[in-house]
Amino acid sequence: MIITSNMLGALIVTATVLVALAPVVLIVLWIRDRMGGKLW
Amino acid sequence: MTQTAILDPGTGWLILALFSIGWVWLGWWLGRRARGLEGFMLAGRKVGLALGTATAMATWVTSNTTMAAPQLALQMGVWGMVGYSLGSVGLILFAPLARRIRRLMPHGFTSGDFIRLRYGNTAWRVFLAISLFYGFGWLVSLGMAGGVLINALTGIEYHVGMTVILAVCVAYTLLGGLRAVIGTDFIQTLLILTGIVVLAVLALDKIGIERMHSAVLAERPQLLQLLFPAAIMFLFNNLLFGIGEIFHSNVWWSRAFAFREGVGFKAYLIAGLFWTPVPIVAGFLALTVPALGINVPSADMVGPMVAAELLGAGGAVLVFVVIFSALASSLDSLLAATSDLVLTDIYKGHLRPDASPEQLEKAARWVILGLGLMAWLFCLPRLTTLAELLYFTGAFVASTIWPVAAGLYWRRVNPAGATSAMVLGTVLGLSAYFLIGFYVAALVSAAVSMAIVLLTTWWAPRPFEWTQLDPQPIKQRDTLS
């Protein structure tokens, strides 16, 4: 059973979008912690 | 210059020098406010959610992820990279454990503390042997990865690159302790994730899914096979390996102790969810090999070679920065956590039980220095490929899953059973490694360990009071400023 081109594409693109979102989430959390005095 | 180098050594040296100075300065700057033993070892136990999440992600995204994920994709295809991504299950499952660890052991320092207080001295010593062997093996694996990658990317000689990366990490960990490690991890995470995404987008743009799929189908169809038995075994093996590694390793326990109250659960959960796709994004680059028609002389070089072929000299700087950051973020964490284990469980636990916090703080720096030196000596010969070294240790760490998890939640776990589970799980896991293959070592080890913990607890339960888990705090002269 071979993975199709569409399935492979969906896997890779979804993974790439999620990884791209991660830095945004981290920066938002950083700003929130910094403003709340909870960074350290 | 090596055949695969995509940067000339001069440019390589310039980037290496800039980043080395940058990380060391940042480590000193971040760590300058750490006071006392807890400030140095555990960042004052006040790390917030943003830094907590980033450090968990950065530590788990190692050079092994950026190098071994493409290597496994080249050897095992789609299941190789998906299997590697299941390493995140360990991070996700550790989230509730982190919350419980913080609650049960508010003054704890290491994972060794837990095993000693929960199961006694014999189990503690077995656990220390496993944990130190694993921690040191991982440290050597990362040092080797540094040398290999810097050589592959810039042509700078293996021994020189390996020495530089180890020296830089030792320097800033010495200067700032866990605050330096966690602070640099945040910036390193942003660099790694952004770099990986840029590489993936460029690869998709230049090759395209259709072309990549057709070329793999024509030349190596087994890589697209969804019923690839060894790869499916690998998937489960890797899942257990990741769980074992995280559950037992002081790298993750020291963070559970260092995070603010209420942060551990969220930080590990978010980090695990966002880590899951990283090996897929890093790994699929290997599937472009047939379409690119490149010759890969060594499987663990496939990632940098594909990046070099796709991006040329212009993007080489990006690859170098990603890899340097990934290496540093894991090396520093491992140095700090392993030195905590050596300091607390070996030096204080066995050699000088009456050592004062001031003496321990001084000794902590010597331990970091000594560990760095030992790792350097072991890295001098290039022992084995990275994945082999990584999965050899799977038999050791998977044997600790049940003793750790059951010990945190079940009152009646039998201490002798927990000790036997770690010993026999490791022995039989190693046997499976040599008799069957690397992809079953963790699987066998975890299964044996589980059976022994369950059977001995059922056969001879031993009640335990949770209050016994909190060790006496080491008296501080100073606190975090």
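Two residues are in contact here if their C-beta atoms, placed from the backbone, lie within 7 Å. The model is predicted.

**Exercise 1.** Determine how many residues of chain A are in contact with chain B, and classify them.

*Solution.* Applying the contact criterion across the two chains gives 22 residues of chain A in contact with 34 residues of chain B. The side of chain A that touches chain B is then sorted by residue class: 17 are nonpolar, three polar and two charged.

**Exercise 2.** Describe how helix 11 and helix 20 of chain B are arranged relative to each other.

*Solution.* Begin with the axes: those of helix 11 (residues 229-248) of chain B and helix 20 (residues 401-409) of chain B come within 9 Å and cross at roughly 55°. Angles from 65 to 115 degrees count as roughly perpendicular, and those under 35 degrees as roughly parallel. The two helices of chain B are therefore oblique to each other. Next, the handedness: helix 11 of chain B passes helix 20 of chain B in a left-handed crossing. Helix 11 of chain B contributes Leu240(B), Ile243(B), Gly244(B), Phe247(B) and His248(B) to the contact, while Ile401(B), Val404(B) and Ala405(B) come from helix 20 of chain B. By class, six of these contact residues are nonpolar, two are polar and none is charged.

**Exercise 3.** Characterise the largest nonpolar core and the surroundings of Ala271(B).

*Solution.* The largest nonpolar core has 193 residues, and Ile196(B) and Ala271(B) have the most contacts inside it. Helix 9 (residues 158-206) of chain B supplies the largest share of this core, 24 residues. Finally, with neighbours within four places in sequence set aside, the contacts of Ala271(B) are Thr53(B), Ala56(B), Met57(B), Trp60(B) and Leu91(B).

Terms used: Residues numbered from 1 in each chain as written. Chains lettered and ligands numbered in written order. Predicted model: local features only at pLDDT ≥ 70, side-chain atom pairs only at ≥ 80, totals over all residues. Axes fitted to C-alpha atoms, helices over the stretch in contact; angles between N-to-C directions. Helix = DSSP H or I, 4+ residues; strand = E, 2+ residues; numbered from the N terminus. Parallel < 35°, antiparallel > 145°, perpendicular 65-115°, else oblique. Left-handed = near helix turned anticlockwise from the far one by under 90°. Nonpolar A, V, L, I, M, F, W, Y, C, P; charged D, E, K, R; others polar. Core = buried A, V, L, I, M, F, W, Y, C linked by C-beta atoms within 7 Å. Buried ≥ 20, exposed ≤ 12 C-beta atoms within 10 Å, placed from the backbone.
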